[in-house]
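Subject: Model handover and notes

Hello,

Please find the model below. My notes follow it.

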2 protein chains.
Amino acid sequence: MARLTLERVAELAGVSRSTASRVINGQDGVRPEIRKRVLDVVELTGFVPHAAARTLAGQRSRILGLAIRQTTAQVFSDPYFAALVQGVSRACNDRDQTLSLFLFESTHDHDLLPSRLLRTKLVDGLVITATYADDPLLWQLTEAGVPLVVVGEVSNPDIPTVDADNHGGAALAAEHLLSLGRQRIGTVTGPMRSGAAATRFRAFERALAAAGQPLQPDLVVEADFTDDAAHDAAKRLLARGPDAIFAFSDRMALGVLRALGEAGLSVPDDVALVGFDDLPPARLARPPLTTIRQEVEQAGTEAVALLLERIQDPSAPARRVELPTSLVVRESSVPRRAQEVSA
Amino acid sequence: MARLTLERVAELAGVSRSTASRVINGQDGVRPEIRKRVLDVVELTGFVPHAAARTLAGQRSRILGLAIRQTTAQVFSDPYFAALVQGVSRACNDRDQTLSLFLFESTHDHDLLPSRLLRTKLVDGLVITATYADDPLLWQLTEAGVPLVVVGEVSNPDIPTVDADNHGGAALAAEHLLSLGRQRIGTVTGPMRSGAAATRFRAFERALAAAGQPLQPDLVVEADFTDDAAHDAAKRLLARGPDAIFAFSDRMALGVLRALGEAGLSVPDDVALVGFDDLPPARLARPPLTTIRQEVEQAGTEAVALLLERIQDPSAPARRVELPTSLVVRESSVPRRAQEVSA
DNA sequence: CAAGTTTCTGGGACCGCTCCCAGGCGCACA
DNA sequence: TGTGCGCCTGGGAGCGGTCCCAGAAACTTG
């Protein structure tokens, strides 16, 4: 059986390749009657254009890459990335793009990204996340002329980004803990070279200071967004007797929670706890976690939209989208007197 | 600047396109001296062959698809899939393949899979998971002649699969709970049309029966692998007073744990709990979860290996790889008397 | 009704690579 | 030294589309 090609479809419809191509790509300038004839044949045969041929001839692959740097082997199991992937995937499906996922370890697969995905012209553009604000990779990529969108913060103003309102979110957390009357408010931060962590930190610090209750340096510990690191960091922190902790992600909050449990401290009675993200684990934790909600999945779809814009017009100024954050109060931070109220 | 193409590389090396191609593809039959000349030019220029052109000419895209059906919006956040993706991704990187991720909702994106990924010849083959044993999609795909590997169980013997030893794992769980002296052993199963769930159930049932302590029908409740469903199912189950529960996944065990907590029951004192998977959440749960360990990430890499075999020789008999399972005992099922031992 | 437009349609030239085939060259053998 | 054979190498023909351009057809307009 001869392969089904555009040529064959054209033949069956009694038109030329060019005309068939126009119809299939929805270009106008084809008489309705002829258009219908072609569409009928397409319908009948189930013709679908060959991806590679299209790419080769048309210079566009309709494949978008999603690159995630794996700091540790477990990073991808972070529900944050799961949600992000979900959003990106949905957007790709909706906008007729194919998603290519690229998980790389900085050390090992580093050059695979440029060579495998980019210089081969496999992808039209890249959504990239889990990078640091001044990641050299980003410069490398922009210089290579790859359409790029970063989910998170970057220092290079020519790169479009989509990010949560980290500033507002952290401020909400601070105000909330203050409103509970907590006096010794501590924090388990992410790595400070991460833009998100740095921003949350500054905002948190500022909000506490504004309330006349500045953040005490000894109540600040740094972790790396994993629960294990947060657990260890929290153990150090607990020695300084905080009565409230703001963890920079839910996943880290879970680690903190574990440390609190091991120390025999009750939440929120002894220590109030607030996380960041509002992903499923927050709700499932015992006690359920108060957290700063951000729209991770939406960030994914938004990133795809930005990337498509970028691909179409690479010279347009880089847009930056900021997604809202909000406070979700659960049991891990209810006021002390209301503590006996159950879920 | 003229684009860097194979032609140009050949020119720079003073050889023909064909020879350059041979060198780049590692074929032999090229004089070492000439080979070196070409490789030097490649090194110097950083040439990488154009993916689409290769695909078009060579009939192989070097792209593997990973398709995951999304039963609920949250499925992908299941750490099981996270681990699987991780494994598949790593294997693709190692074996010079690109990974295309396709998350689809049965209802909405169903036909996107065949048309977007397959008929366009975008992918050389497909790893597919989260399907049911007799999923019509699988027949459809095999009939379309797409090289296919399923992670899980399928009824069609012509499809290669990689799967955990569900039978052995479930038996381990049963024996373990029996060894604790539990009398009223219940189970929260996955959906029975899932092959894994069915197998685990049969094995669990059989192992209990073999010990002269058959599974009581009223102590069996079915859920759908999500924690919420497991939580609800467990609430029903608890009314029948079980003293041990085997949940068919860690994620479900977490839901059960929540239900137990809400019912004021202690684990493992009142009810011993065993999960399945041994993914990170199991260790992080309070108390840490006894579980049946399976090598999810390895399943991913194995699937890629099988798929590559399949692509190379589609007519070879379908291999089935079974990965070992093992019992990991943690606090959720320690013997009653040892309960006071802390972590 | 001729000439000038505008609208459609068809053909050719690629896109960059792989693969097949033919020819050149060197060597062994007779 | 002539012939045969094997090893390398180069050229040509696609792979299946897109895009540009020219020419045909249909429609204006004076």
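Which helix gives the largest share of the lining of the largest pocket? That share, four residues, comes from H4(A). Some conventions before the rest: this is a predicted model, in which local features need pLDDT of at least 70 and side-chain atom pairs count only at pLDDT 80 or more, while totals for chains, interfaces and linings use all residues. Residues are numbered from 1 along each chain as its sequence is written, chains are lettered from A and ligands numbered from 1 in the order in which they are written, and side-chain values use heavy atoms, with hydrogens and water left out.

Pocket. The largest pocket holds about 1,400 Å³ of space. It has 42 lining residues, and A:Arg3, A:His50, B:Arg119, B:Thr120 and B:Lys121 are the closest to its centre. At least two lining residues each come from helix H1 (6-13), helix H2 (17-24) and H4 of chain A, and from H4, helix H6 (112-119) and helix H7 (136-143) of chain B. Helices (H or I, at least four residues) and strands (E, at least two) are DSSP runs, numbered from the N terminus. By class, 20 residues of this lining are nonpolar, 13 polar and nine charged. Nonpolar means Ala, Val, Leu, Ile, Met, Phe, Trp, Tyr, Cys and Pro; charged means Asp, Glu, Lys and Arg; the others, Gly among them, are polar.

Cavities. Of its 14 lining residues, A:Ala52, A:Leu122, B:Ala52, B:Thr55 and B:Leu122 lie nearest its centre. Helix H4 (51-58) of chain A and helix H4 (51-58) of chain B each supply at least two residues of that lining. Its classes are eight nonpolar, four polar and two charged. On a 1 Å grid over the protein atoms alone, a cavity is a set of points where a 1.4 Å probe fits but cannot get out; a pocket is an open set with protein on both sides within 12 Å along at least five of seven lines; lining residues have an atom within 4 Å of a point. Points are joined across faces, edges and corners, and a volume is the space filled by probe spheres set on them.

Sheet. Chain B has an open sheet of six strands with mixed pairing, in the order E7-E6-E8-E9-E10-E12. Its edge strands are E7 (220-222) and E12 (325-328). Two strands pair if DSSP finds at least two bridges between them. Strands E9 (272-277) and E10 (290-294) of chain B run parallel and are joined by four bridges; B:Asp277 has B:Arg293 as its bridge partner in E10(B).

Regards
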